[in-house]
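Here is a friendly briefing to read alongside the structure. Have the model open as you go through the points.

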Amino acid sequence: PALVAPPDAGVDTHCPYCALQCGMTLRPGSGGPEVVERPAFPVNRGALCGKGRTSAEVLSSAVRLTGPLVRGADGELVPAGWEEALDRVAAGLLRVRAAHGRDAVGVFGGGGLTNEKAYALGKFARVVLRTSQIDYNGRFCMSSAAVAHQRAFGLDRGLPFPLADIGATGCVILVGSNLADTMPPALRYFAELKRNGGTLIVVDPRRTRTAEQADLHLQPRPGTDLALALGLLHLVVAEGRVDADFVAARTTGWERTLPGVMAHWPELVERITGVPVPRLRRAVALFCDAPESMVLTARGPEQQAKGTDTVSAWINLCLATGRAGRPLSGYSCLTGQGNGQGGREHGQKADQLPGYRKLDDPAARAHVAAVWGVDPDDLPGPGPSAYELLDALGRDVRALLLMGSNPVVSAPRARHVAQRIAALDFLAVCDVVLSETAALADVVLPVTQWAEETGTTTNLEGRVILRRKAVDPPPGVRTDLEVLGALAERLGHDKGFPADPEEVFDELRRASAGGPADYSGISYARIAAEDGVFWPCPRDAAERTPDGAPAGTPRLFLDRFATPDGRARFTPVQHRPAAEEPTPDFPYYLTTGRVLSQYQSGAQTRRVRELNEAAPGPFVQLHPRLADRLGVADGEPLAVTSRRGRAVAPARVSPAIRPDTVFMPFHWPGEGSANTLTNPALDPASRMPEFKVCAVRVEKA
Ligand code: SF4
């Protein structure tokens with residue numbers, strides 16, 4: 001593809017992958033557009049990981065979809081024109097709705113969709129389809145942290161401060177994040193932390209490349225992060241390190257929380273977690289001796305059936321020590337997906353309306369309905385969460401429109417999910433490539449991707465940024481917004497679904513005005529001029545920029561928390577075992593995660609030569625002692641079996657993992673699919689599945 005103007009200077013844009021949303025420039029190269037560094041962008045300051053560096057390859061991949069596909073009479077997907085394909089989608093959705101009702105039609109979105117697409121998809125579900133059955137794969141990403149954030153602070157923004165603050169604090173506890181593999185450019189902030197005399201504590205069952213850089217590595221059993229946090233807080237109390245003034249002035253609920261904390265005495269916590277008491281004491285000393293400190297969590301503690309309570313336990317630690325709502329201190333969540341933050345704010349989540357409003361709040365319904373020009377009573381109510389929606393396919397939900405997700409690889413209990421998808425009466429998928437899920441569709445609509453379209457995303461700091469169109473898409477491809485507009489028209493709505501992303505963003509601003517995630521003071525022009533604007537940014541904000549524009553909010557909660565009384569709320573929590581603990585039949589823990597050179601379900605990165613050569617397939621990481629016990633050598637095939645299925649992949653023997661635990665990356669389908677094994681046990685508050693821990697048997701294959 002050729003670069004759109006101005007081709008010589010290149011086009012400043014952002015990486016299509018993770019939540020860091022690294023800034024980059026696309027310039028013309030000999031074989032097509034090339035990624036070059038953009039040092040002026042403040043988040044990554046020019047640094048890119050291999051995924052970002054090679055991201056232009058996906059633009060010209062030979063496996064790219066360049067025309068719609070429809071299921072032919074012989075059951076194969078065959079090329080079709082756009083009109084026929086769109087007609088088929090509209091007819092498929094209408095047929096199911098007529099036969100089974102509005103809630104028999106579902107919509108499944110993605111955390112990589114731009115804010116504009118997430119907004120339009122949610123509006124399409126509620127206004128055009130009038131179904132309550134919409135959720136998205138971000139539910140599998142950070143939903144536990146989102147709920148815990150809300151209940152403690154009254155507002156959920158991944159980082160309540162800019163990433164740069166990490167470099168200037170005194171101590172960071174990083175819980176369940178392997179940044180060195182997932183977002184390497186962010187490591188610079190941890191290097192700054194250490195250069196400035198600060199310390200890093202990493203909590204992870206594996207000695208990852210991130211853990212190797214820690215001053216202290218705590219290596220708990222999978223699924224015991226909650227007990228670990230309680231044990232640390234117990235020691236904080238026992239050693240007289242509670243910040244009583246902060247607790248009294250800025251929090252509520254400490255008295256109710258304290259008994260549960262004191263029930264988790266250090267020796268008990270050592271038994272539960274496997275982390276020795278002296279290491280717990282050392283962690284408390286590092287955390288509390290620093291004048292400022294932070295806790296950052298990621299998928300490790302969050303992707304558990306008690307993920308919300310686990311995050312609350314870490315927030316409680318911050319609150320009791322006065323490490324929240326103060327400069328250079330606080331709790332935050334490192335979001336994973338490219339638009340993991342914005343994707344959850346604008347209405348593709350089962351229980352939410354744009355602006356992070358609640359779907360069951362009458363005032364929120366009235367505000368958004370007025371923007372949409374519909375009767376609030378016509379808006380459906382909250383629907384089921386992502387896994388529950390997928391589990392209902394082919395039964396209660398008979399038709400599905402899926403955009404920007406590949407649940408056949410990325411959902412828990414993946415083989416079952418694939419069976420449910422195959423049982424649908426009708427499936428339409430919008431995607432860039434023929435993913436494993438798209439291959440099951442009745443109609444596949446090829447859509448534009450990152451550098452072929454303009455749109456905003458919101459990075460893990462809450463910084464709203466602009467991904468500019470840099471290249472023309474291949475002929476035969478349309479944008480997701482164009483697809484939604486064309487489908488809406490076929491379903492009787494000839495207005496309200498513009499194809500111009502800026503027009504959609506302007507409507508999103510109005511819909512978000514006055515809500516928790518208020519974008520009303522943000523515009524494309526401002527984002528371009530300022531390289532991102534932090535929400536909340538109400539158009540009538542008292543604070544203004546030197547140009548007179550409403551100021552964004554890089555740091556939250558410095559004066560008050562976003563709760564009705566302005567105080568942060570402690571949540572009493574208790575340790576409880578994982579939904580599945582090892583048994584004689586399934587004696588080991590399985591935990592899952594990402595590797596450096598692949599991203600999520602691999603739909604894009606598995607098609608990039610350099611990344612594929614670096615990480616060509618799945619593996620099972622296991623400790624040498626376990627390998628000896630099984631009589632397996634490095635590279636030999638191992639069968640890993642859980643109550644849901646069996647996966648086979650080569651052994652990777654390493655002392656970096658606990659002897660009672662095996663690890664598998666989840667980027668691949670087929671025989672080595674880690675998600676064949678994972679447990680869909682759901683967190684009661686967030687409906688997050690328990691990706692991070694289940695019980696397995698491990699044998700030579
Ligand atoms: Fe892209 Fe994330 Fe890598 Fe940055 S860290 S280049 S956003 S994948």
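This is a predicted model: local features need pLDDT of at least 70, side-chain atom pairs count only at pLDDT 80 or more; totals for chains, interfaces and linings use all residues.

**Domains and overall build**

Residues are numbered from 1 along each chain as its sequence is written.

**Domain 1 meets domain 2**

- Domain 1 gives 6 residues to the contact and domain 2 gives 7 residues; two residues are in contact if their C-beta atoms, placed from the backbone, lie within 7 Å.
- On the side of domain 1 that touches domain 2 there are 1 nonpolar, 2 polar and 3 charged residues. Here Ala, Val, Leu, Ile, Met, Phe, Trp, Tyr, Cys and Pro count as nonpolar, Asp, Glu, Lys and Arg as charged, and the others, Gly among them, as polar.

**The whole chain**

- The protein chain has 22 helices and 30 strands, which are DSSP runs numbered from the N terminus (helices: H or I, at least four residues; strands: E, at least two).
- Its radius of gyration is 24 Å, close to the 27 Å that the globule rule gives for 701 residues, so the protein chain is as compact as a globular protein of that length. The radius is taken over C-alpha atoms, and the rule is 2.2 Å times the number of residues to the power 0.38.
- Of the 701 residues, 60% count as buried. A residue is buried if 20 or more other C-beta atoms lie within 10 Å of its own, exposed if 12 or fewer, and partly exposed in between, with C-beta atoms placed from the backbone.

**Around the ligand**

- Among the 14 residues around the ligand, C15, C18, C22, C49 and G52 come nearest; a residue counts as near if its C-beta atom, placed from the backbone, lies within 6 Å.
- The shell around the ligand holds 10 nonpolar, 3 polar and 1 charged residues.

- Strands β24 (residues 620-622) and β26 (residues 645-653) run parallel, joined by 3 bridges; strands pair if DSSP finds at least two bridges between them.
- L622 stands opposite V653 in β26.
- Strand β25 (residues 637-642) pairs with β26 in the antiparallel sense over 6 bridges, and the two form a hairpin with 2 residues between them.

**P587**

- P587 sits in the loop between β22 (568-569) and β23 (588-593).
- P587 counts as partly exposed because it has 13 C-beta neighbours inside 10 Å.
- Leaving aside neighbours within four places in sequence, P587 is in contact with P582 and R697.
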